[in-house]
Amino acid sequence: MRTARFLLAAAVVLAALPAAAEGSAPSYPGYVDGAVFRALVDENDEVTEVNLDETMLKALGNSKSDDEDETPAKELFANLKAVHAVIGKVKGPASSAMTLVHQTDQRLVASGWRRITRIKDETTSLSVLTHVTNEQIDGLVALIFDAEDKEIVFVNLAGQIDLNKLGAIGDRYNIPGLEHVPGAH
Amino acid sequence: MNACDVGRERVHAHFDETPDAAASDDLRLHLQACPGCRELFDDLAVLRDTLRARPRPELPAHDLEAVWERTVRRPGARWFDGRKRAAAAAVLVTGVSLSTLWLLRGPSAPPGPTAAEMARAEAQADLVLSYTARALSATRKAATRDVVGAKVSPAVRGNMPRDMRRP
């Protein structure tokens, strides 16, 4: 009987090994699946889809560069676990996309995400949300939709995020004042 | 060590190693010269012959059974042997599996992104960061306009840049 139990335990361990070897889908706290936005964009038009995993981000973070302006970005990449983005034009009516952006924003808030901002007027919707664990931001989602040109932007950064570094990155893109973004210290 | 001690050692060695053989020439010469060693030799020869002459009774079956019960068949011994075998089997199987897994994963591990992959990833990351920065910039402008400009103080609002004032 005891021998049988030992063999059963060994079998369980062996059964678990292939699963560990194969890896699994991202399950970081700050990860948000953007599949719904990929399905929304018009494949016949220009689509940009970004999927950077931890290995690639680490490589970007460790890459050498003589440009000091790139240092904050590299430090930001080195601490991220995943970057996902979908940028394109929606194929259906603009109102449907606007509704989806709104619903996604609501769902994230309901599941514990903090909304930094939500700006909405007749033609534009913009939401920025962060996921915080133990007072540390470990996820950021930016949702932007412009109903006039029907362009939608979904961005998700998962991993340790320093908003101060994002503020420093603003200079690189000629966007001043990012160091005063709410949430940055 | 005196000569007699050496002789006694030879007598004992003779009975321990070759009890049935005749004494060697050296030993016989010593026994002729040493009465003490000759007496020891004779005593050991008598003891050997007496022990060999005694009958050898068979061990009773129940005594033999009791010995088996107390040694090989005792519960502790059975538990130890069974557990040990099972644990060794589990450790062996797990060890072989982990080694196989390591061997399979080792060669297939990617060597790292190529220069082209790095360039593409850098461009993609750049794009994502630019959109994120613009979203945060809009956040900052909205916060300044709606929170500071509208709720805090008209004096502050008066000092705001023109593009951030509420219409």
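Modeller: From the N terminus on, chain B runs α-α-α-α-α-α-α, that is, 7 helices and 0 strands. Helices (H or I, at least four residues) and strands (E, at least two) are DSSP runs, numbered from the N terminus. The model is predicted: local features need pLDDT of at least 70, side-chain atom pairs count only at pLDDT 80 or more, and totals for chains, interfaces and linings use all residues. Residues are numbered from 1 along each chain as its sequence is written, while chains are lettered from A and ligands numbered from 1 in the order in which they are written.

The sheet is in chain A, where 6 strands form an open sheet in the order 1-2-6-5-4-3 with antiparallel pairing. Its edges are strand 1 (47-52) and strand 3 (114-120) of chain A, each of which pairs on one side only. From one strand to the next the twist averages 5°. Two strands count as paired if DSSP finds at least two bridges between them. Strand 2 (residues 80-89) and strand 6 (residues 151-159) of chain A are joined by 9 bridges in the antiparallel sense. Within this pair, A:H84 has A:N156 of strand 6 as its bridge partner.

Along chain A the elements follow the order α-α-β-α-α-β-α-β-β-β-β-α, with 6 helices and 6 strands. Of the contacts in chain A (C-beta atoms, placed from the backbone, within 7 Å) between residues at least 6 apart in sequence, 62% join residues at least 24 apart. For chain B, residues 24 or more positions apart account for 37% of the contacts with a separation of 6 or more.

Conventions. Axes fitted to C-alpha atoms, helices over the stretch in contact; angles between N-to-C directions. Contact = placed C-beta atoms within 7 Å.
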